[in-house]
Amino acid sequence: MAFRALHAQWGTVFAHLADLGCGHDWATIWRARPPAPLSCVECGHTMYAKTSHHGLHFFAHAPGAPHCALAEETVHHHLLKLELATAARAAGAHAELEVRGPAGTWRADVLATHPTGDWQIALEAQISPITRQDIITRTQLMNSDSVSAIWFTDRKRPPWLGHVPSARVSLHDEHGLLVTDALAKFTKGSWQSGPQTPAATFLKWIFTGQVVPHHRRAPVTAPLREWHTVWTAPRYVQDEAAHLAEAQRQLHERREAEQQRRDERLRAAQEHDRRRFGTDRSDDHQAAIDALMRRQAALEKPVYDFIRRATGSAPYIDEDPAPEFATGLPVYIGQRPYGVVCPVASRIPAARTDLASLVIFVASRRERDRIAAQTRPDQRIVVLSATRVRLQTDLAQSRNDARVTAAS
Ligand SMILES: [Zn+2]
């Protein structure tokens with residue numbers, strides 16, 4: 001069914017207009033004998049003027065019509081189209097039903113046009129199922145002719161809702177067409193559902209730029225769904241941008257502070273070495289310290305898991321290497337020292353007795369052999385591997401090897 005048909009003498013006639021858009025009565029084409037010479041604008045097949053039991057005027061294909069998009073449309077779909085056209089006019093736009101694009105690649109259910117022609121927006125009543133990809137493609141087709149598209153549905157949760165500029169509507173006897181799900185506002189770092197509005201108000205806000213389609217970046221708060229595109233006021237778009245910039249700044253600051261702490265620890269270790277050995281050590285030595293710290297950091301989780309399994313208790317692993325633990329990371333269960341992660345072999349002699357009752361955790365058998373050469377013979381040493389640990393130590397090692405090779 002359709003609102004538009006071609007009359008053999010009068011040209012295009014419109015079922016929803018009182019004068020058919022050409023100064024004639026509905027009675028001149030409805031139940032006329034002989035039948036009025038009407039044909040479909042899409043397929044050219046003969047059409048009849050009809051009136052539904054709700055009093056809705058429309059055109060229907062005569063029996064035996066070819067496959068035609070207009071033939072497959074339902075009364076329900078047509079009512080929604082008509083409501084959208086009415087709302088668009090109430091919002092101050094010109095609205096035409098069933099308008100074909102310039103190249104015939106698309107047909108708008110309702111084409112809303114700014115009174116001075118500044119913009120054209122297709123208002124689509126989408127009742128039948130359509131895939132997300134198809135609706136995106138159809139949107140792009142219209143966009144390529146400088147026509148924006150807004151998709152309206154009264155279905156509960158079509159898969160494309162929120163993936164193109166779209167809105168869920170419901171038809172009320174009292175309030176007419178109501179936009180129930182579309183508007184969103186940005187508050188306290190997330191997007192939340194906005195108010196329900198009559199379709200005419202919603203369209204007026206869009207036509208005047210008070211509400212814009214926005215590709216959301218911040219998270220949503222229920223009941224708002226995780227739509228990609230929400231309708232919102234420009235100031236909420238700015239609020240989101242400011243919020244995200246601030247979050248980014250804080251994250252950057254935290255990372256900087258973390259990096260600074262790491263650098264300070266490294267410098268302190270180097271300083272300690274300089275005092276101890278009385279010389280400025282080479283890059284290779286710095287790389288070795290760096291590699292040690294990576295090994296210690298990467299072993300934290302495997303050590304934690306190992307102790308949980310072995311003792312049933314959650315250990316506390318200190319972040320900072322301690323001299324009395326041979327520059328390894330101290331591990332405690334409660335207040336009691338339990339072990340040490342990756343101590344430095346050359347520091348063990350000074351701490352040998354203290355370490356004897358603890359478990360030493362290392363990242364490789366090679367490291368274990370190096371440590372065992374310095375500890376008491378009965379020292380407990382556990383080799384824990386984490387893929388990450390191996391990778392990083394191997395990388396650091398190969399860098400060292402490369403330097404040594406280059407220097408020799
Ligand atoms: Zn047709």
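Reader: Which residues of α2 are buried?

Author: A residue counts as buried if 20 or more other C-beta atoms lie within 10 Å of its own, as exposed if 12 or fewer do, and as partly exposed in between, with C-beta atoms placed from the backbone. In α2, the buried residues are Ile 135, Arg 138, Thr 139 and Met 142. Seen down the axis of α2, its buried residues fall within an arc of 100 degrees, so they line one face of the helix. The arc is that of the directions from the helix axis to the C-beta atoms. This is a predicted model, in which local features need pLDDT of at least 70 and side-chain atom pairs count only at pLDDT 80 or more, while totals for chains, interfaces and linings use all residues. Residues are numbered from 1 along each chain as its sequence is written.

Reader: Which exposed residues does the face of α2 turned away from its buried side carry?

Author: That face carries Gln 133, Thr 137, Gln 140 and Asn 143. On the buried side, the cover includes β8 and β9 (147–153). Helices (H or I, at least four residues) and strands (E, at least two) are DSSP runs, numbered from the N terminus.

Reader: What is the strand order in the open sheet of seven strands?

Author: Strands of a sheet pair through backbone hydrogen bonds, either parallel or antiparallel. Two strands pair here if DSSP finds at least two bridges between them. The order is β6-β7-β8-β9-β10-β11-β14, with mixed pairing. The edge strands, β6 (94–100) and β14 (197–198), each pair on one side only. β6 and β7 (residues 107–113) run antiparallel and are joined by six bridges; Val 99 stands opposite Ala 108 in β7.

Reader: Which strands does α1 touch where it packs on the sheet?

Author: Two residues are in contact if their C-beta atoms, placed from the backbone, lie within 7 Å. α1 touches β6, β7, β8, β9, β10 (166–172) and β11 (176–181), and its direction makes about 15 degrees with that of β7. α2 also packs on this sheet, touching β8 and β9, at about 145 degrees to the direction of β9. Axes are lines fitted to C-alpha atoms, for helices over the stretch in contact, and angles run from 0 to 180 degrees between N-to-C directions.

Reader: Which residues touch the most other members of the largest nonpolar core?

Author: A nonpolar core is a set of buried Ala, Val, Leu, Ile, Met, Phe, Trp, Tyr and Cys residues joined through C-beta atoms within 7 Å. In the largest, of 62 residues, they are Leu 84, Ala 88, Val 110, Leu 123, Phe 152 and Ala 199. α1 gives the most to this core, with six residues. Apart from it lies another core of 24 residues, including Leu 299 and Phe 361.
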